[in-house]
Each structure stands twice: as C-alpha cells, then as structure tokens.
Amino acid sequence: VTHLQRSRALRWLCSLAAAAALVIMLFPVYAIIVGSFESTETLFSGTFYWLPHAATLDNFRTVLQGGSATQTTVGGSQVGNVVTSLVVGLGTVLLSLVVAVPAAYALSKYRLRVTVVLVSSMLVAQIVPSIVLATSLFIVFHWIHLLNSYPALILADGTYAIPFAILVLRAFFFSLPNELMYAARVDGASEWQTFRLIVIPLARSAVITVSVFAFLAGWGDFIFALTILNGTGIQPITLGIYSYLGNYSTDWGAVMAAGVIAMVPAAVLLVMAQRYIATGLTAGAVRG
Amino acid sequence: MNVKTRAGEPAPATTGTGAAFRPVGGGSPRRLSAWRRQQLAGWLFLTPAIAYLLFAFALPIVYNVMLSFERTSPATIANFTAPFAGLDNYRFVLNDSTSRTAIVHTLEFTVGSLVGQFIIGFSLALLFSLRFPGRTFARSLIIVPWLLPLIVTGVMFRFLFQAEGGAVNQVLKSLGLVDQSVQWLNDPHLAMWTILVANIWLGVPFFTLLLYSALQDVPVEVKEAAVIDGAGPWQRLRYVIVPIILPVIEVTLLLGFVFTVKVFDLVIGLTGGGPANSTQLITTWSYNLSFQVFSFGEGAALNNLLLVMALVAAPLYLMLSRDSLRRSSGAGT
C-alpha cells in the first residue's frame with residue numbers, strides 16, 4: 001500500500017466519521033420532522049417509525065386551525081402565536097441595535113472613564129441566569145402595569161441579546177481604523193454624523209450577526225414568556241408548544257408540528273446567514 | 001463653554017495617528033472644547049445602554065436581594081415591598097429537601113454536561129481540522145442543534161426518550177442491549193441522564209466551533225516543527241496544540257458552565273423537573289417556588305444562591321477577557 005493510498009483511505013475514514021457524527025447530531029431534528037407528519041394513531045402505537053408511516057398533514061392542520069387531538073384544554077390556533085413570536089423577535093432585534101450599536105461604538109472609539117466598568121458589566125451580565133431576572137421583572141412589570149405586553153417581553157428578551165451584541169460590535173469597531181473618524185471630523189462632520197454616515201454603513205456585517213442572534217433569542221424565548229405573560233393575552237409559539245404537553249396526555253402530533261414551525265427561522269437563517277451564525281458562535285454567544 | 005453652539009463647527013484635527021490624549025489644564029480652548037464635545041458624544045452614545053443595564057439587570061438583581069429578605073405572599077406582589085423576614089427565606093431554602101437536591105442536581109448536571117460537551121466537542125473539532133471530503137458541509141450542519149428554540153429541543157428529546165414508541169428504546173432493543181423498555185422519563189434514577197444527553201447534544205456545536213477555530217489559529221510552522229522533532233500525533237496534541245489553545249479551552253468551558261447553570265427551558269420541556277423532582281434544578285425549582293406556589297421570597301433566596309454560584313465564573317471570565325477590557329483604540333480625544 002503506497003503512502004498516497006493510505007492517506008486517501010484515511011480521508012475517507014474521516015468523512016465516514018463526520019457523517020456518523022452528523023447523523024447522530026441531526027437525528028433528533030429528523031425525528032421531530034417525521035413525527036410531525038405522523039397520524040395520532042401512529043404516534044401512540046408504541047412503535048417508532050424511521051420513515052413516515054401513513055404521512056398526513058393533520059397535525060399541521062390542527063396547529064394552524066386550532067383544536068387538539070388529545071387535549072380539550074387547548075384549542076387556539078398557532079397562527080397568531082407565530083405572528084407574536086415574529087413581532088417579539090424583530091422587536092428584540094430593534095431594541096438590541098438601538099441600545100448596542102451606539103454603546104459599542106462609544107466603548108471602542110471614545111476614551112471614556114466608564115469603559116472598563118461598562119465592558120466588565122456586560123461580561124458579568126451574560127452570566128446572570130434568566131430565572132433570576134424573570135422573578136424580579138415579573139413583579140416590576142406587574143407594578144408598572146406592563147405584564148402581558150410586547151414591550152415587557154421585548155425588554156426582557158433584550159437581556160439575552162444586548163450584552164452579547166455590545167461585545168461583538170465593540171470587537172468589530174476596533175477593526176475600523178481611527179483615521180476614518182479623524183477624516184470625518186476634519187471634513188466638519190459632527191460626532192453623530194460620523195457615527196450615522198460613516199460608522200454604521202461599515203458595520204453592516206457585524207450588525208447582521210448581532211441581529212440574527214437577537215432574533216433567535218426573541219423568537220426562541222420561553223422563560224420570560226412563561227413568567228411575564230399570564231396566558232390570557234399575547235402568546236408566542238414557544239408557549240403554544242408547551243400548551244400541548246400534558247402529564248398524561250401529550251398531543252404529540254401537535255407538539256411536533258408546532259415544534260417544526262418553531263424551527264423554521266433557524267432553518268432559514270442557517271441557509272441565508274450561515275456565515276454570520278458561525279461568526280457569532282465563535283464570538284461566544286451564550287444563550288438562556 | 002457652550003457645547004451646543006460649538007457642535008456645528010469643524011472639529012480640529014487630532015495630531016498624530018493614534019496618539020489621542022486628553023489635554024491637561026493649559027491646553028488651548030479649542031482643544032478643550034473638542035475634548036468636551038467628544039466626551040459628551042461618547043456619554044450620549046452610552047445612555048441607552050446604561051439605562052437598559054440599570055433597568056434590566058441592576059434593578060432585578062437588587063430587587064431580588066430585597067425580595068429574599070421579605071415575607072412575600074400573593075397579596076404583597078401588588079405592593080412592590082413586603083414585611084421584613086430576616087433570614088427566614090434562606091433558612092427555608094437550606095432546609096427544604098427539594099431545594100437541597102436541586103442544588104446537588106445542578107452541580108451534577110453542570111459537571112456532567114461540561115465533561116460530555118468538551119470530550120465530544122474537542123473530538124469533533126480535531127476531526128474537522130483534518131482535510132477530508134465534505135468537511136465544510138459537515139461543519140455547517142453541525143451547528144443546527146444550537147439554533148433551535150430550547151423548548152423545542154426539550155420536547156424533541158421527550159419524544160425520543162419515551163418508554164413506548166421512543167427512538168432511543170427502539171435502537172437499544174434492536175441492538176439487543178435491553179429486552180424491556182427502559183423507563184427513561186419515569187424512573188427517578190434515569191431521568192437525569194435524559195437531560196444530560198439533551199444538554200450535551202445542545203452544547204456540542206458550540207464547543208466544536210470554538211475549539212475548531214482555535215485549532216485553525218495554531219501556526220502551521222509550530223505543528224511542522226513538532227513533526228520534525230519526531231513528536232507523534234498524541235504528543236503533538238498534548239504538548240504542542242493543547243498548550244497553545246488553552247486560553248480558548250478555558251473560555252469555552254467557562255461559557256459552557258455559564259450556559260449550563262442557566263438551563264431551564266430544556267428541562268421544563270423534557271421532564272418538567274420530574275419524576276419525583278429527580279431532575280429538579282435550581283432554576284426549575286426556583287420557578288416552581290415563585291410562580292407555582294407564589295413564594296417569591298423563597299424563590300428569590302434560591303435565585304440568589306444560583307446567582308452566587310454563577311458569578312463564581314465572573315472573576316475568571318473578566319481575567320480571561322482582560323486584553324479586550326483594557327483595549328481602547330481611542331479615536332476620540
């Protein structure tokens with residue numbers, strides 16, 4: 001066996017190992033997709049089918065039209081909840097950008113006394129568990145009559161996205177040469193004009209990265225939705241999924257159809273913004 | 001000096017390239033005004049972030065401390081404050097058997113997750129750093145678990161771990177490893193494994209990608225030098241590569257720790273903390289205390305224990321980030 005042949009064999013062995021890893025890592029996602037097309041009878045038959053068995057769209061019909069195959073307590077359509085999740089996701093993006101872009105710019109391009117304190121706070125803020133914030137925010141929002149509202153949920157969901165956004169954007173702004181700002185000032189631009197007309201357009205890629213993560217955080221949030229919303233008003237898709245779970249009678253078809261719908265943004269972003277997702281992950285995006 | 005009237009004026013060019021400095025007393029008035037204007041601009045840019053930080057982090061954390069010393073009841077929620085309770089809430093939490101087991105479970109869960117995530121993540125990172133057909137494709141798909149809403153991951157694994165009709169049992173049975181359905185979700189001794197497996201699955205992409213990008217940054221010359229010196233693959237890994245990427249390993253483990261002590265959605269979706277509280281973590285039990293039985297004071301006390309536990313990571317995190325902390329390019333004066 002020549003050296004070349006051996007190294008070629010090794011490469012294919014690596015491919016095989018990677019394929020095996022992928023199959024294991026993606027199998028749960030595959031299973032939920034297949035499950036979403038199974039009939040309730042199949043799902044409760046006690047057998048797991050590797051391929052769709054008598055595929056049906058009933059579960060999606062249930063989820064979109066309302067009702068449940070096994071539970072009488074839930075009946076609402078998930079369409080409104082999907083819209084709610086979209087609004088919350090986009091609201092989280094907007095809030096994160098408004099707060100984080102100028103702050104990150106100031107923390108990287110201005111000599112301010114608070115820089116070290118604020119950047120440290122962002123690092124520590126990433127560590128704070130959401131349940132700690134949720135308990136207090138519930139009472140605070142109750143107190144200021146903001147429970148069950150979009151602003152409350154978006155303000156809370158910002159806690160996932162904003163510290164991360166500031167740190168990522170700040171790291172990006174370091175890569176912009178200071179000469180850009182000097183030149184703008186020489187040309188008579190105000191600080192705001194420099195920021196608005198020179199800096200923001202250049203920050204496009206970092207802004208997209210941050211937006212992708214802010215959207216996924218707002219879209220996928222469960223804990224704040226569970227605590228700050230009491231179920232009578234707006235409800236995101238994550239709570240919709242939860243409503244189909246029961247101690248004894250989980251409506252598996254509906255759970256999985258709603259779960260598949262909740263995975264759609266991740267799939268879309270994976271195809272469209274893969275580069276930005278990889279960048280964000282490598283920058284150390286922490287969730288939860 | 002009135003900042004507003006000066007705002008429209010062209011700013012004086014800063015001398016030098018990066019040598020921005022704050023002029024001390026006696027600097028020319030024009031200089032001073034530029035410095036002030038930039039300070040003001042900097043602070044204005046920071047205002048939304050500072051306001052947000054105070055509202056969404058500082059206030060809840062301080063309020064949580066207050067709550068933990070209060071005798072709360074459903075009726076006191078409307079009042080923002082409740083009668084002082086001294087250390088009663090902490091006493092309750094430390095004597096409550098479920099709270100105590102929740103603390104133990106959180107530790108087990110965290111350690112188990114980190115070990116699993118690191119071993120699998122590092123192995124995959126090493127695999128992906130080799131050249132083979134399809135590696136870019138594999139690397140781009142491996143991040144899928146990380147993108148899904150956590151509650152979806154939770155219910156997904158609940159489906160897979162079902163005793164009857166669950167894929168896990170079906171695989172185990174067809175391989176002949178078990179002959180009866182394993183009660184993953186109903187047996188208090190086994191349920192912890194289900195949340196561990198799900199959380200490891202969830203964290204592997206993050207570990208893989210971070211460690212992979214660190215491996216990419218190891219200079220080729222260093223690796224080649226080690227080969228020339230006769231180091232085998234294991235020696236190269238142990239004595240050359242690991243020491244170089246150690247800072248990234250530390251940050252990755254730290255972020256993994258931070259992520260894992262926070263886990264909530266996953267457990268709610270998968271086991272709901274059961275059976276018999278066997279997968280109850282601090283987060284889920286705190287939720288239960290605050291939002292199921294409305295003992296916000298006790299929930300807050302447990303929250304504070306969790307916060308202290310999580311913040312153990314803070315000094316280390318700050319230390320590992322110290323270069324970025326001190327960094328300032330100072331385009332302003």
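# Two chains in contact

Colleague: How many residues does the contact take from chain B, and how many from chain A?

Modeller: Contact here means heavy atoms within 4.5 Å. Counted that way in this predicted model, the contact takes 114 residues from chain A and, from chain B, 110 residues.

Colleague: Before we go on, from which number are residues counted along each chain?

Modeller: This is a predicted model, where local features need pLDDT of at least 70, side-chain atom pairs count only at pLDDT 80 or more, and totals for chains, interfaces and linings use all residues. Side-chain values use heavy atoms, leaving out hydrogens and water; chains are lettered from A and ligands numbered from 1 in the order in which they are written, and residues along each chain, as its sequence is written, are numbered from 1.

Colleague: About how much area do chain B and chain A bury between them?

Modeller: The size of an interface is often given as the accessible area lost when the parts come together. Buried area is that loss for two parts, found with a 1.4 Å probe and summed over both. Here 76% of it is on carbon and sulfur atoms, and the total is about 10300 Å².

Colleague: Which residues of chain B lose the most area to chain A?

Modeller: Three residues stand out, and together they make up 8% of what the chain B side buries. They are B:F45, B:Y52 and B:W146.

Colleague: How many residue pairs are in polar contact between chain B and chain A?

Modeller: A polar contact is a pair of N or O atoms within 3.5 Å; within protein, one must be able to donate a hydrogen and the other to accept it, and residues adjacent in sequence count only if both atoms are side-chain atoms. For polar contacts, with both residues at pLDDT 80 or more, the count is 14.

Colleague: Which helix gives the largest share of the side of chain B that touches chain A?

Modeller: Helices are DSSP runs of H or I with at least four residues, strands are runs of E with at least two, and both are numbered from the N terminus. The largest share is 22 residues, and they come from chain B's helix α2 (residues 29–68).

Colleague: Is B:A102 buried or exposed?

Modeller: Start with the place: B:A102 is found in helix α4 (residues 97–128) of chain B. Leaving out residues up to four places away in sequence, B:A102 touches B:Q280, B:L281, B:I282 and B:W285. With a 1.4 Å probe and protein chains only, under 20% relative accessible area is buried, over 50% is exposed, and in between is partly exposed. Because its relative accessible area is 0%, B:A102 is buried.

Colleague: And is A:A54 buried or exposed?

Modeller: A:A54 lies in the loop between α2 (40–43) and α3 (58–65) of chain A. Its phi is near 50 degrees, a positive value in a residue other than glycine. Its relative accessible area is 57%, so A:A54 is exposed.

Colleague: Which residues does the cis peptide bond join?

Modeller: Look in the loop between α12 (265–270) and α13 (282–292) of chain B, the place of B:P275. Omega is about -10 degrees at the cis bond, which joins B:G274 and B:P275.
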